[in-house]
Every structure is written in C-alpha cells, then in structure tokens.
Amino acid sequence: MLQLQSEVELVCGMTGRVAALQGSLDELQELLEEVRDLESNAHGSRLEWIVIVLVAVEALVGVAEFYELLSRGIKI
C-alpha cells in the first residue's frame, strides 16, 4: 500500500503536499491524545474529591454518634 502511495505521489507531483498533510495529521493525533489524557485525569480527580467528601461525611456522622452516646451517659 505504501509503495502504491509513493508511486502515485511521484506521478502526480504531490510529494510535498502529502508530507505536509501527514505531518498535520500526526500533530492532530498528538493533540487528541493529550485531550484524552486531560479528560481522564479530570475524571480521576473528580472521583478523588467524591471519595474525600464521603470520608469527611462518614467522620462527621461518627463524631455525631459519639456525642449522642456521651449525652445519654453511656460510657465507652
């Protein structure tokens, strides 16, 4: 396939244009990979914050239960 592409480029005199287009496509592919990585990192960061909030809520509930036990006079 690459050999056929090379022969067509030579016959039509499009070597420079094809090379420029290939370079542009390579750059576009790199940019898309970076965007994919950024979105993946943003999703992971969002999940980390959800876990942090859930742990904080659990800690607050534990403290509230502890104070409830103390207010009833139950010794721990």
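Is Tyr67 buried or exposed? Tyr67 is exposed, at a relative accessible area of 52%. The views below show a predicted model, in which local features need pLDDT of at least 70, side-chain atom pairs count only at pLDDT 80 or more, and totals for chains, interfaces and linings use all residues. Numbering runs from 1 along each chain as its sequence is written, and side-chain values use heavy atoms, without hydrogens and water.

**View 1. The whole chain.** The chain has 2 helices and 0 strands. Helices (H or I, at least four residues) and strands (E, at least two) are DSSP runs, numbered from the N terminus. Of 76 residues, 1% are buried. Buried means under 20% relative accessible area, exposed over 50%, partly exposed in between (1.4 Å probe, protein chains only).

**View 2. An aromatic pair.** The count of aromatic pairs is 1. The ring centres of Phe66 and Tyr67 lie 5.8 Å apart with planes at 65°, so the pair is edge-to-face. Rings of Phe, Tyr and Trp (its six-membered ring) pair if their centres lie within 6.5 Å; planes under 30 degrees apart are stacked, over 60 edge-to-face, the rest tilted. Phe66 is partly exposed at 39% relative accessible area.

**View 3. Leu25 in a nonpolar patch.** Leu21, Leu25, Leu28 and Leu32 form this surface patch, with about 380 Å² of accessible area together. Patch residues have over 30% relative accessible area and no salt bridge; nonpolar side chains (Val, Leu, Ile, Met, Phe, Trp, Tyr) join within 5 Å, like charges within 9 Å. A salt bridge puts a side-chain nitrogen of Lys or Arg within 4 Å of a carboxyl oxygen of Asp or Glu. Areas follow the Shrake-Rupley method with a 1.4 Å probe; for residues, only the protein chains shown count as cover. Leu25 sits in helix 2 and is partly exposed at 44%.
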